[in-house]
Amino acid sequence: MSAQSPFDPPAGSLRASVGRGAVVTAASQAVMVATQMASVIVLSRLLAPEEFGLVAMCAPVLALIGMLQDFGLVQATVQKPGLRHEEVNFLFWINVALSVTLGVLLFLISPLVAAFYHEPRIGPLIAAMALIVAMNGFGAQHAALLNRKMEYGRIALINVAGAVTSLAVAIVWALVQPSYWALFGGQLAGTLLPTGLMWVASRWRPGLPRGAEGGRALIGFGAGITGFNFANFFARNLDNVLIGRVWGGAQLGLYDRAYKLLLMPLNQVANPLSRVMIPALSRMLDEPGRYRSAYLRVLALSLLLVLPGVATATALAQTLIPLALGEQWAGSAPIFMALGFAGLLQPLNNPAGWLFISQGRSTEFMVWGFATAGFAVAAFVLGLPYGALGVAVAYSVSEYLKTPVLWLYVGRRGAVGPADVARACGPIVLAAHAALGMLWLLRPWLAEGRIESLLQGTLFCYLATILMILPFPQGRAVLREAWTLLRGAVLRGRRTAPTPG
């Protein structure tokens, strides 16, 4: 058993912290997803597709810089047993030095990025983004400490405050000056406010820059995470680069809106769950049975929550896109539908990272990242001649091809094997696919109104998924778990509700 760190949650509070974290995370993510959707819907009506395309052209460069500035040191802080103050201080100053250096580098290369895209407006935008890059490093370790200590309530409030502020600033800016600078203003506000709040909430303050015993091991762990992130950068951003370069900003704008409307809300569920599960699983390594049970329960519940919704959105994309974004975005609907099939597998595959990181397998995580990049590069190159839609179709196909490879690789070590995942999650994944197909066939019989048909489709997909997993013991187990959590949340709400009169 590893030594207790002053940055760990109180002894004996792990189960309660995870439970509270799940509830708080679910509540905050409901707000975050609503904010994300509002951002897509409202800003899409205030700004033209080309404005989003210009910002999307910057995204790959910013993603690469962001990956390098973190260098996996946030995850090192969360996972390290027996973490000490001098180690956190060491990592803080490395984060700051990397962020400032990369911010200056980004400013210097901004003309080159503009030249690559043959788009002079990109240069000033990239140069301005350097400020956001530099600021990110000052709050990274404070956020990691809050995560390690499982102070999920504070994290949730900070994230919601940042998201709402970002949206408000972007909307006001777009009303005053409808251009891509409104999107930059929102991102800047969404960086500055959370950074300040993390300092206030964590109560940890850095000392003077100095080394730390064990610092080399922490950097080695972070290097493995960075290796994965570097490879994953290509898997996540090469599509934007290629579409923008070959097909231009209009096609990229359609692709970007479809991608964000479908896959970004999924990340709004997965990322906060990572903040809950990685520190919790890292504390359970000495109890493999408990580790396996906790991982599979949370994974199955998250799939039950999101997959029927993804199936509905995919089957009814032709209805959803004009309703959400406006008729001018109808060209995004086929792209959205193609990406929807990747959305049926990503909630299953992405949490494999929890296993790699919590078990300290950062080198294997890096190897898998390069394998993922290989799948993605092949898919994008094959799909690019057919435009943004071809890239979306190829991307989804690659997700299906890599899924069995991923689980065989990650499950060869540790407490969770591929058979465990197949038993616990297979029925839900298959049921969601079947529900999508049935809803697609039932479209002519849905209500004529767009909102009414979407509500009918959503209800159908959730009920169909539930009925199809009922014959399986694992399906009944996850339904019982979901019912227990729902009933507990309702009872807590009644106890905390104000008494009338």
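Student: Which element gives the largest share of the lining of the second largest cavity?

Tutor: That is α9, which contributes 5 residues. A helix here is a DSSP run of H or I of at least four residues, numbered from the N terminus. This is a predicted model, in which local features need pLDDT of at least 70 and side-chain atom pairs pLDDT 80 or more, while totals for chains, interfaces and linings use all residues. Residues are numbered from 1 along each chain as its sequence is written, and side-chain values use heavy atoms, leaving out hydrogens and water.

Student: What makes a space a cavity?

Tutor: On a 1 Å grid over the protein atoms alone, a 1.4 Å probe fits at its points but cannot get out; lining residues have an atom within 4 Å of a point.

Student: Which residues line the second largest cavity?

Tutor: Among them are L266, N267, S302, Q346 and W354. Elements giving two or more residues to this lining are α9, α10 and α13 (346–349).

Student: How many residues of that lining are nonpolar, polar or charged?

Tutor: The lining has 8 nonpolar residues, 4 polar ones and no charged ones. For example, L266 and W354 line the cavity, and Leu and Trp count as nonpolar.

Student: Why is the pair K260 and D256 called a salt bridge?

Tutor: The term asks for a side-chain nitrogen of Lys or Arg within 4 Å of a carboxyl oxygen of Asp or Glu. The side chains of K260 and D256 meet at 2.6 Å, N to O, so the pair qualifies. Both sit in helix α9 (residues 215–282), 4 residues apart, which means about one helical turn separates them. The structure holds 12 salt bridges.

Student: What does the salt bridge between R297 and E481 tie together?

Tutor: The closest N and O atoms of R297 and E481 are 2.5 Å apart. R297 lies in helix α10 (residues 288–315) and E481 in helix α19 (residues 473–496), so this pair links parts that are 184 residues apart in sequence. R297, at 37%, is partly exposed, and E481, at 21%, is partly exposed too.

Student: Why is S358 called buried?

Tutor: S358 has a relative accessible area of 0%, so S358 counts as buried. S358 belongs to helix α14 (residues 352–358).

Student: What makes the pair S358 and Y291 a polar contact?

Tutor: A polar contact needs N or O atoms within 3.5 Å, one able to donate a hydrogen and the other to accept it; residues adjacent in sequence count only through side-chain atoms on both sides. The side chains of S358 and Y291 make such a contact at 2.6 Å. A polar atom of the S358 side chain also lies 2.7 Å from the backbone oxygen of W354.

Student: Which residues is S358 in contact with, leaving aside neighbours within four places in sequence?

Tutor: S358 is in contact, meaning heavy atoms within 4.5 Å, with Q79, I278, L281, S282, L285 and Y291.

How values were computed. Buried means under 20% relative accessible area, exposed over 50%, partly exposed in between (1.4 Å probe, protein chains only). On a 1 Å grid over the protein atoms alone, a cavity is a set of points where a 1.4 Å probe fits but cannot get out, and a pocket is an open set with protein on both sides within 12 Å along at least five of seven lines; lining residues have an atom within 4 Å of a point.
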